[in-house]
Amino acid sequence: MLFYIGSDIHGSLKYGKMFIDKAIENKADRIILLGDMYYNGARNVPPEGYSPRDVVLLLNAVADRILAVKGNCESEVDSMVSDFMINDSLALFAFDKAMIFVHGHHLSFANLPKNPGDVFFQGHTHVSVLKKEGKTILANPGSISLPKDGRHSYMTMDEKGIRLLDLLDDCLVSFLPF
């Protein structure tokens with residue numbers, strides 16, 4: 001099984017389409033979105049290709065593959081226009097690992113739940129992270145459209161482990177095996 005994991009599209013059709021096209025081309029079984037899909041928020045400059053309505057259409061075209069969590073920029077209407085559920089958090093068991101997926105504005109690396117599982121995924125910071133701390137892997141795919149670490153990025157996950165990849169050139173930034 002192949003997962004594509006992205007966060008913080010913030011309404012950018014340009015970068016959102018790059019991410020979704022890669023997921024389709026590589027036959028991702030599931031696309032996990034860690035929030036802030038449609039809007040840029042009052043603190044952010046609109047990203048290149050800002051078109052929330054078109055991002056809705058882009059994501060709805062692959063709704064059967066999407067698992068999504070709510071970010072701090074999501075509103076009630078976003079659930080109404082999306083053909084997939086937008087959850088407060090997700091818990092998943094895959095590859096013999098218990099995994100938690102959140103946006104990161106409530107639970108986060110700095111505020112882990114009592115049992116963060118084997119892998120704890122968060123978005124929100126727009127900074128990519130892939131490291132093991134104690135028994136838990138901490139994973140943040142960074143931001144697809146508004147990176148604060150200089151790299152448009154996303155993650156893939158399969159039975160071998162988690163890869164952090166550059167969205168623009170698919171260069172492997174980091175790999176953490178299971």
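Are Phe19 and Tyr154 buried or exposed? I looked this up and found both buried, where buried means under 20% relative accessible area, exposed over 50% and partly exposed in between (1.4 Å probe, protein chains only).

Ground rules for the entries. I am working on a predicted model, in which local features need pLDDT of at least 70, side-chain atom pairs count only at pLDDT 80 or more, and totals for chains, interfaces and linings use all residues. Residues are numbered from 1 along each chain as its sequence is written, and side-chain values use heavy atoms, with hydrogens and water left out.

Entry: helix H1. I took helices (H or I, at least four residues) and strands (E, at least two) as DSSP runs, numbered from the N terminus. H1 has 13 residues and spans 17 Å from its first C-alpha to its last, close to the 18 Å expected at 1.5 Å a residue; the expected span is 1.5 Å times one less than the number of residues. I listed Tyr15, Gly16, Phe19, Ile20, Lys22 and Ala23 as buried in H1. Viewed down the axis of H1, its buried residues fall within an arc of 155 degrees, so they line one face of the helix. That arc is taken over the directions from the helix axis to the C-beta atoms. I then checked what covers these buried residues, and the cover includes S1, S2, H2 and S10, with contact meaning heavy atoms within 4.5 Å. Just after H1, Lys27 has a positive phi of about 60 degrees.

Entry: aromatic pairs. I counted rings of Phe, Tyr and Trp (its six-membered ring) as paired if their centres lie within 6.5 Å, with planes under 30 degrees apart as stacked, over 60 as edge-to-face and the rest as tilted. The count comes to eight aromatic pairs. The rings of Tyr4 and Phe19 have centres 6.1 Å apart and planes at 50 degrees, so I logged the pair as tilted. This pair links distant parts of the chain, with Tyr4 in strand S1 (residues 3-6) and Phe19 in helix H1, 15 residues apart. Tyr4 is buried, as is Phe19. Phe19 also pairs edge-to-face with Tyr154, at 5.7 Å centre to centre and 65 degrees between the planes. Here Phe19 in helix H1 is linked to Tyr154 in strand S10, 135 residues apart. Elsewhere I noted that ring pairs link Phe3, Phe95 and Phe178 into a cluster.

Entry: salt bridges. I required a side-chain nitrogen of Lys or Arg within 4 Å of a carboxyl oxygen of Asp or Glu, and the count comes to six. In one of them, Lys14 meets Glu48 with the closest N and O atoms 2.8 Å apart. Lys14 lies in helix H1 (residues 13-25) and Glu48 in the loop between strand S2 (30-33) and helix H2 (52-60), so the pair ties together parts 34 residues apart in sequence. Lys14 is partly exposed at 36% relative accessible area, and Glu48 is partly exposed at 46%. I also found Arg151 bridged to Asp149 (3.9 Å, N to O).

Entry: Ser143. This residue lies in the loop between strand S9 (136-141) and strand S10 (153-158). Ser143 counts as buried because its relative accessibility is 0%. Its side chain reaches the backbone nitrogen of Leu146 at 2.9 Å. Leaving aside neighbours within four places in sequence, I found Ser143 in contact with Ser7, Asp8, His126, Arg151, His152 and Ser153. Of these, Arg151 is partly exposed at 23% relative accessible area.

Definitions and conventions: A polar contact is a pair of N or O atoms within 3.5 Å; within protein, one must be able to donate a hydrogen and the other to accept it, and residues adjacent in sequence count only if both atoms are side-chain atoms.
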